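This briefing sets out selected structural features, grouped by topic. Please consult it alongside the sequence and the coordinates.

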Amino acid sequence: MIKKPRGTEDILPKDSALWNLIETTAKRVCEKYGYKEIRTPVFEETSLFNRGVGETTDVVQKEMYTFNDKGGRSITLRPEGTASLTRSYIENSLYANPQPTKLYYLISCYRYEKPQSGRLREFHQFGLECFGSENSAADAEIITLALDFFNELKVQGLVLNINSIGCPECKPKYNQALKEYFTSHINDLCDTCKSRLEKNPMRILDCKSTVCHEIAKSAPRMIDYLCDDCSREFESLKKYLDTVGIEYKVDTNIVRGLDYYTRTVFEITSDALGAQSTVCGGGRYNGLVEELGGKPTPGIGFALGIERLILILKNQGTDLPQETVPDIFIATIGDKADMFAQKLVHDLRNLGYHAERDLCSRSVKAQMKYANKLDARYSIVIGDDEVDTNKACIKNMNDGSQYETEITSEAISKIIEKENI
Ligand code: ATP
Ligand code: MG
């Protein structure tokens, strides 16, 4: 028997209502903030991610699904959205529109990781990017949007952690200080971090090994090295958050996994998640557009993992949306009624109702059992007599009450609507 690939999940009908709710909520919240949807290809040229995500990241070093296509091109399934959106922003000259350009996406992503709870090889992200604004009001706006989204879904117990990781002006001095600090602990660092020490010491702050994590706790802090501009922007971000009543913690060890971040970085975590506690991560990437061949353009964005969001919702016992149930089930006896039901169900659907009939040649008793299983709100049994007189009993399946009705879609609709009131 063929099974799904390791690290992937089928989203079954019982969960579709929840996925739809999450997606429509994301869309609705984005509209309020002026973010427009963008869709980019599932695969891109590999070099986009090498450059856009960064050669020293775990994503590029270990996690990408890369292969040669039949034309010999190196192709990669997108591991994230930001590089693709930046490519699209440049390629489609979106910078020619009034700035900033505010875009959101709902996508599947692919990373070759060790699958565990909240960590899959195919997963889904809701994310957004704002290109063309250097103002920390934009940083505060996207953080507000993310929290607004979680709030609409009644997610509780989230913590917002913010930090600034500086800019090309102040980062090098900090990196030097980090290098010195970690060199004095080099024997205790994990092998990956030993190699990070030369190439990108900041990444050690992000290491998941417990020993490195402990050492990182006493490392020098970027916020003590920020240049005046970065410092001012960080202070103004905090004020913008204060003014709309958003609580945050400054966590000086957040650096984010990806290379292109500058200044603001943030994470939203939930204690309902266990080890994979980060549900949303984002930050500023003022160097990325230029890195990918565009004019220097500031940018900021976030991405949040939908599977992790669902884990939180399930763990905190939120009332989740249910599958819709039929408004009405039409049961039939005999050939004449069978044809009649086909038309009646069609007419009811044209009026916008969820109408069902038997499609498996069941006995009338089995049809009613099936209607019960579907949790239909109303049912009607139609036989030869009912077709001849155009009248039948409609039964409210919840309380058992019955009414005689003409068996036209309009008459049935009136009963359903009246009872709805
Ligand atoms: P982590 O540190 O947990 O590996 P990350 O820094 O690699 O996360 P990002 O690249 O910032 O994650 O992606 C944003 C969000 O996407 C994460 O906060 C998480 O909710 C989700 N995410 C990332 N990788 C996975 C995965 N393999 N499976 C499920 N969700 C994921
Ligand atoms: Mg990761």
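**Ligand site and overview**

An oxygen atom of ligand 1 lies 3.2 Å from a backbone N or O atom of Gly305, a polar contact being a pair of N or O atoms within 3.5 Å (within protein, one must be able to donate a hydrogen and the other to accept it, and residues adjacent in sequence count only if both atoms are side-chain atoms). The protein buries 91% of the 590 Å² that ligand 1 exposes when taken alone, with areas from the Shrake-Rupley method and a 1.4 Å probe (for residues, only the protein chains shown count as cover). The model is predicted: local features need pLDDT of at least 70 and side-chain atom pairs count only at pLDDT 80 or more, whereas totals for chains, interfaces and linings use all residues. Residues are numbered from 1 along each chain as its sequence is written, chains are lettered from A and ligands numbered from 1 in the order in which they are written, and side-chain values use heavy atoms, with hydrogens and water left out.

- β6 (122–131), β10 (278–284) and β11 (299–305) are the elements that give two or more residues to the shell around ligand 1; helices (H or I, at least four residues) and strands (E, at least two) are DSSP runs, numbered from the N terminus.
- β10 supplies the largest share of that shell, three residues.
- Arg111, Glu113, Arg119, Leu120 and Arg256 come nearest among the 15 residues around ligand 1, where a residue is near if one of its heavy atoms lies within 4 Å.
- The side chain of Glu113 has an N or O atom 2.6 Å from a nitrogen atom of ligand 1.
- The side chain of Gln125 places an N or O atom 3.2 Å from an oxygen atom of ligand 1.

**Aromatic rings and charges**

- Rings of Phe, Tyr and Trp (its six-membered ring) pair if their centres lie within 6.5 Å; planes under 30 degrees apart count as stacked, over 60 as edge-to-face and the rest as tilted.
- By this rule there are 11 aromatic pairs.
- One of them is the tilted pair of Phe149 and Phe150, at 5.6 Å centre to centre with 55 degrees between the planes.
- Both Phe149 and Phe150 are buried (under 20% relative accessible area; exposed is over 50% and partly exposed in between, with a 1.4 Å probe and protein chains only).
- A cluster linked by ring pairs comprises Tyr104, Phe126, Phe149, Phe150 and Phe302.
- Arg121 lies over the face of Tyr112, 3.9 Å from the ring centre, the criterion being NZ of Lys or CZ of Arg within 6 Å of the ring centre and within 35 degrees of the ring normal.
- Arg362 lies over the face of Tyr370, at 4.0 Å from the ring centre.

**Backbone features**

- The Gln99 to Pro100 peptide bond is cis, with omega near 5 degrees, and Pro100 is found in the loop between α4 (82–91) and β5 (101–110).
- Ser361, although not a glycine, has a positive phi of about 50 degrees; Ser361 belongs to the loop between β13 (355–357) and α13 (364–374) and is exposed at 73% relative accessible area.
- Asn390, also not a glycine, has a positive phi of about 60 degrees; Asn390 is in the loop between α14 (384–389) and β15 (391–396) and is partly exposed at 26% relative accessibility.

**Domains**

- An automatic or database domain assignment divides the chain into domain 1 (13–170 + 226–315) and domain 2 (328–420).
- The centres of domain 1 and domain 2, taken over C-alpha atoms, are separated by 49 Å.
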